[in-house]
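Welcome! Take a look at the sequence and the 3D structure below, and then we will walk through some of the contacts together.

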Amino acid sequence: MLEVKELSAAYGKAIALKSVSLKVNRGEIVSLIGANGAGKTTTLRVITGIIRPLRGEVIFKGKSLVGMEPYQIASIGIIHVPEGRGLFPNMTVRENLEMGAFLRKDKDGIERDLDFVFSLFPVLKEREKQLAGTLSGGEQQMLAIGKGLMGDPTLMLLDEPSLGLAPMLVDKIFDTITQINKEKGTTILIAEQNAYMALSISHRAYVIENGSTVMEGSGEELLGNEHVRKAYLGM
Ligand SMILES: Nc1ncnc2c1ncn2[C@@H]1O[C@H](COP(=O)(O)OP(=O)(O)OP(=O)(O)O)[C@@H](O)[C@H]1O
Ligand SMILES: [Mg+2]
């Protein structure tokens, strides 16, 4: 479904990506794991059209995305749940969810997805009228994922979904990601520093180091890999 080939990218003169290559097949959960500053967020930003690459290709369903605008990329079904969550703090929970669906015209589908989001995260239903900026960190993360789902993604890109959450909530978020993948069939690419959780729920994963993808395998393979265990799992 998605193929990223030998991507390089920079912020001004600072090279952030040297050579990133990865594939995401339909129906998969794939993670990109790596340390602070390795290039995970930058990779997602190139895929979603926020940053233009210096070199390389991003192919989605056989079509190149390089040069397309972010809204065009969103409208073909690639929905980004950014690091820092991308919510509208002065809008209510309900309004944020509605904003997530603003490119859609299928009213029935929007209603169905709203029910699905409320069934995944009942706390969002309870707090429907609360301003997003006043939610707790965990609730904001749930809202960010819910808002992403309201865009009816074919491919959902999640940047650091576990950031700043207590361990119990981290489990809940990763369980929910699995549930979304199973129940809606959404294909998911996760950028995560929490390598253990990400690998545990992923069909396949890539390791990114200093702007280059250096390793690939099934979640299980990488969980058992010596280098991954030492560098990312603290074992
Ligand atoms: N807006 C920016 N301007 C300049 N440099 C940037 C910018 N954003 C990221 N960088 C640099 O690009 C490199 C890759 O950063 P990126 O945010 O992609 O890392 P990351 O893997 O997502 O890290 P983290 O786990 O800390 O979120 C880093 O060296 C970072 O300092
Ligand atoms: Mg990041």
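Which side chains meet in a salt bridge at 3.6 Å, N to O? They are the side chains of R52 and E69.

## Before we go on

This is a predicted model, in which local features need pLDDT of at least 70 and side-chain atom pairs count only at pLDDT 80 or more, while totals for chains, interfaces and linings use all residues. Residues are numbered from 1 along each chain as its sequence is written, chains are lettered from A and ligands numbered from 1 in the order in which they are written, and side-chain values use heavy atoms, with hydrogens and water left out.

A salt bridge is a side-chain nitrogen of Lys or Arg within 4 Å of a carboxyl oxygen of Asp or Glu. The structure holds 12 of them, and the one between R52 and E69 links distant parts of the chain, 17 residues apart. R52 sits in the loop between α1 and β4 (55-60), and E69 in the loop between β5 (63-64) and α2 (70-75). Helices (H or I, at least four residues) and strands (E, at least two) are DSSP runs, numbered from the N terminus.

E69 has 37% relative accessibility, so it counts as partly exposed. On this scale, buried means under 20% relative accessible area, exposed over 50%, and partly exposed in between (1.4 Å probe, protein chains only).

## Bridges within a helix

Now for two pairs inside helices. R94 and E98 form a salt bridge at 3.1 Å, N to O; both belong to helix α3 (residues 93-100) and are four residues apart, about one turn of the helix. R94 is partly exposed at 25% relative accessibility, and E98 is partly exposed too, with 45%.

In helix α10 (residues 226-232), K230 and E226 are also four residues apart. Their side chains meet at 3.3 Å, N to O, and both residues are exposed. Elsewhere, salt bridges that share partners join R94, E98, K125 and E128 into one network.

## Around ligand 1

What surrounds ligand 1? Its shell (residues with a heavy atom within 4 Å) has 14 residues, of which N36, K40, T41, T42 and E83 come nearest. Helix α1 (residues 40-47) gives the largest share, four residues.

An N or O atom in the side chain of E83 is 2.7 Å from one, and a backbone N or O atom of G39 is 2.9 Å from one. The protein covers 62% of the 640 Å² of accessible area that ligand 1 has on its own (Shrake-Rupley method, 1.4 Å probe).

Methods. A polar contact is a pair of N or O atoms within 3.5 Å; within protein, one must be able to donate a hydrogen and the other to accept it, and residues adjacent in sequence count only if both atoms are side-chain atoms.
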